[in-house]
Amino acid sequence: MSAPARYVFAVARDLQVAELAGTHGFHGATIDVVEHEGLSAVVCDVDLEEFGEEPLTRNLEDLAWVERVARTHNEVVWMVAAVSTCAPLRLVTVCADDDSVRAKVDSLRSDLEDVLDRIEGRQEWSVKVLVPQRPVAESPRATPAASGADYLRRKREASDRRRDLTEEAVDAAREVHEVAHDHAVASRRLMPQDPRLTGRTETMVLNAAYLVEAQEHEAFTAALHAAGEQHPLVTVEVEGPWPAYSFAVLG
Amino acid sequence: MSERTVSPMRSAGAAPDRPAYGPAPSNLADVLERVLDKGIVIAGDIQVNLLDIELLTVKIRLLVVSVDKAAELGIDWWRTDPMLSSEARDRELADENERLRARLRELEAAPAESGQ
């Protein structure tokens with residue numbers, strides 16, 4: 001390996017390095033912890049031939065590379081979050097060496113402490129509301145339109161049915177969000193995911209993240225299950241607990 | 001300092017104050033929207049153009065799961081998207097040639113038909 005640098009996955013509190021045994025970084029690299037006044041930066045060596053400025057610009061264009069790095073980054077964050085209070089860093093944060101990692105942690109120290117205070121004992125849950133893509137039901141007698149006026153009336157009815165379906169889905173999404181929000185300490189709406197990326201045919205009408213007290217998670221999931229039953233038209237998907245990515249933001 | 005005692009069982013979900021984490025999402029969209037768009041931003045020594053990252057999140061809208069998994073799931077629209085694959089571009093050219101040939105045949109046949 002030429003010119004190793006340090007890739008930083010997360011900043012954690014109350015972390016014991018021994019608990020990360022068996023976790024590896026990129027290309028099987030050992031996970032190390034850089035300690036700085038009670039904060040632990042979780043790092044591994046990376047090669048500048050892969051993670052240097054110029055290669056990185058190129059590699060970020062390679063979606064297979066991005067997927068590999070994103071999944072490894074995520075796996076390490078997952079392990080760290082399981083054994084500490086963990087603030088994940090954004091993908092591809094690369095420092096020259098451990099001294100540089102310490103200097104950066106030091107300069108953001110109070111902000112990092114604020115973030116860790118905010119997420120301590122809490123976890124992120126993902127809630128999505130999806131509407132199945134089903135064709136708008138035709139009127140029972142599918143006879144040809146008797147007249148131009150009849151044709152227009154049918155067109156209007158079909159359009160009304162579509163609008164009703166959409167309105168009901170939007171109402172359901174709003175209600176699910178309100179229920180989740182009431183059981184959470186913070187919430188963030190995310191962009192609905194592209195069906196081409198998820199490979200799903202349903203339309204996503206809600207994609208949101210909720211920060212939930214660890215001991216409240218059963219009440220949270222139960223409330224959402226109940227909300228889902230109120231709206232048979234839509235599918236409510238609740239996933240978690242996840243590390244608090246969406247709430248580990250500075251400022 | 002916290003008085004929390006550290007137990008190797010914690011990762012197995014034994015901690016009373018913290019339920020075990022769920023499985024990491026297999027849905028790449030879930031992973032990417034968090035690792036690219038969320039989390040702490042610390043400027044490292046390696047300059048990553050944030051614009052690149054933002055552009056990437058846009059580009060990712062064009063990405064289906066992983067290439068292998070996509071093929072496995074039968075998702076292959078990108079194979080026929082002329083923006084994304086040279087194979088598709090070649091096919092588009094072939095299709096266009098075929099359309100032009102068909103049109104030519106029509107035009108060549110037209111005078112004969114009108115003459116009958």
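Author: A residue is buried if 20 or more other C-beta atoms lie within 10 Å of its own, exposed if 12 or fewer, and partly exposed in between. The structure discussed here is a predicted model.

Reader: What share of the residues of chain B count as buried?
Author: Chain B has 4 helices and 0 strands. From the N terminus on, its elements follow the order α-α-α-α. Among the 116 residues of chain B, the share that counts as buried is 18%.

Reader: How do α3(A) and α1(B) pack: roughly parallel or roughly perpendicular?
Author: The axes of α3(A) and α1(B) are 10 Å apart, and the angle between the two helices is about 75°.

Reader: Which residues in α1(B) meet α3(A)?
Author: By class, this contact has 5 nonpolar, 2 polar and 2 charged residues. On the side of α3(A) stand A:E67, A:A70, A:R71, A:H73 and A:N74. The residues they meet in α1(B) are B:L28, B:V31, B:L32 and B:V35.

Reader: Which element supplies the largest share of the largest nonpolar core?
Author: The largest nonpolar core has 58 residues, and A:F9, A:A10, A:V11, A:V80 and A:A87 have the most contacts inside it. At least two residues of this core come from each of β1, β3, α3, β4, β5, α4 and α5 of chain A, and also from α1 of chain B. The largest share is 10 residues, and it comes from α3(A).

Reader: Which residues does A:F9 touch, not counting those up to four places away in sequence?
Author: A:F9 is among the residues with the most contacts inside the largest nonpolar core. Leaving out residues up to four places away in sequence, A:F9 touches A:V42, A:V43, A:H73, A:V76, A:V77, A:V80 and A:L89.

Reader: How many residues does the second, separate core have?
Author: This core includes A:V176, A:A180, A:L206 and A:V236. Its residue count is 24.

Reader: What distance separates the centres of domain 1 and domain 2 of chain A?
Author: The domain assignment gives 4-119 as domain 1 of chain A and 122-247 as domain 2. The centres are taken over C-alpha atoms, and the distance between them is 35 Å.

Reader: Which element gives the largest share of the side of domain 1 of chain A that touches domain 2?
Author: In this contact, 7 residues of domain 1 of chain A meet 6 residues of domain 2 of chain A. On the domain 1 side, α3, β4 and α5 of chain A are the elements that give two or more residues. That side divides into 6 nonpolar residues, no polar and 1 charged. Its largest share, 3 residues, comes from α3(A).

Reader: Is A:D14 buried or partly exposed?
Author: A:D14 is in the loop between β1 and β2 of chain A. Its phi is positive, about 60°, although A:D14 is not a glycine. Because A:D14 has 18 C-beta neighbours inside 10 Å, it counts as partly exposed.

Reader: Is A:V92 buried or exposed?
Author: A:V92 lies in the loop between β4 and β5 of chain A. A:V92 is not a glycine, yet it has a positive phi of about 50°. A residue needs 20 or more other C-beta atoms within 10 Å to count as buried. With 23 such neighbours, A:V92 is therefore buried.

Reader: Is A:G22 buried or exposed?
Author: A:G22 is found in the loop between β1 and β2 of chain A. Its C-alpha atom is 9.8 Å from that of A:M79, although the two residues are 57 residues apart along the chain. Because A:G22 has 8 other C-beta atoms within 10 Å, it is exposed.

Reader: In which strand is A:P241 found?
Author: A:P241 is joined to A:G240 by a cis peptide bond, with omega about -10°. The strand that holds A:P241 covers residues 235-242 of chain A and is β9.

Methods
Residues numbered from 1 in each chain as written. Chains lettered and ligands numbered in written order. Predicted model: local features only at pLDDT ≥ 70, side-chain atom pairs only at ≥ 80, totals over all residues. Core = buried A, V, L, I, M, F, W, Y, C linked by C-beta atoms within 7 Å. Contact = placed C-beta atoms within 7 Å. Domains from an automatic or database assignment. Nonpolar A, V, L, I, M, F, W, Y, C, P; charged D, E, K, R; others polar. Axes fitted to C-alpha atoms, helices over the stretch in contact; angles between N-to-C directions.
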